[in-house]
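Hello,

Here is the structure for you to look at. My notes on it follow below.

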Amino acid sequence: MVAVLGISTAHAEESGPVARAKERAQDEFNTGLEVLHGMYRRRMAQLITSATRVEVLLLDFSFGEEKRAKPALQVFEIKPYSKNTPVLASHFCTPKEREELLPVLSNAIGGQPHIGGAACHFPIHGLRVWIGPEIAFETSICWYCSNFIMEYGRGAAWENHTDGFRDLKTLLMRLMPIPEDEVARFKKGHDAGPDGH
């Protein structure tokens with residue numbers, strides 16, 4: 001009987017003034033964190049406009065679960081999952097392509113709103129951006145879940161696409177089209193293709 005009263009009292013406290021104050025504090029923390037993330041993304045968006053080399057990748061959305069006739073060229077780290085996925089194809093942008101891609105990518109990364117990201121991630125396109133010998137930015141993109149990876153220094157997170165991703169998608173589909181066999185493979189287990197259609 002005493003245990004039941006203890007639980008009941010604790011539950012009552014959870015919905016009282018202390019719980020409401022903690023909830024407000026959590027809301028303020030989340031808002032502040034989103035503001036800081038937005039500032040970081042805008043800084044990264046500025047940085048990548050100075051890129052000297054950009055690589056567009058076709059990634060294995062299934063993380064290499066299906067055996068393939070050809071071995072992977074390399075692997076790409078999907079940091080929030082702490083997993084690698086095979087790189088199926090790679091294209092280094094020409095100077096003209098890089099000049100076209102960088103403002104579009106910068107607009108997509110630095111844009112708003114960002115309110116988290118879906119829990120699923122089927123990476124199909126990846127990007128690596130270099131400034132000189134250093135990788136300045138890299139991400140994988142899921143068109144099906146409309147999210148991408150953003151690394152914030154203390155860990156990577158999913159972020160939702162901004163409006164700028166519409167233009168980025170058009171450009172990446174031209175630079176690295178998704179092969180029909182990958183589309184068919186994805187549609188076997190999902191209601192759309194890996195490009196979200």
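**What was found**

The chain has five helices and seven strands, where helices (H or I, at least four residues) and strands (E, at least two) are DSSP runs numbered from the N terminus. This is a predicted model, in which local features need pLDDT of at least 70 and side-chain atom pairs count only at pLDDT 80 or more, while totals for chains, interfaces and linings use all residues. Residues are numbered from 1 along each chain as its sequence is written, and side-chain values use heavy atoms, with hydrogens and water left out.

From the N terminus on, the order of elements is α-α-β-β-β-α-β-β-β-β-α-α. Of the 197 residues in the chain, 40% are buried; buried means under 20% relative accessible area, exposed over 50%, and partly exposed in between (1.4 Å probe, protein chains only).

Look next at L168, which sits in helix α4 (residues 165-175). L168 counts as buried because its relative accessibility is 0%. Its contacts (heavy atoms within 4.5 Å) include L101, V104 and W143, leaving aside residues up to four places away in sequence. V104 is 64 residues from L168 along the chain, yet their C-alpha atoms are separated by 5.9 Å.

Regards
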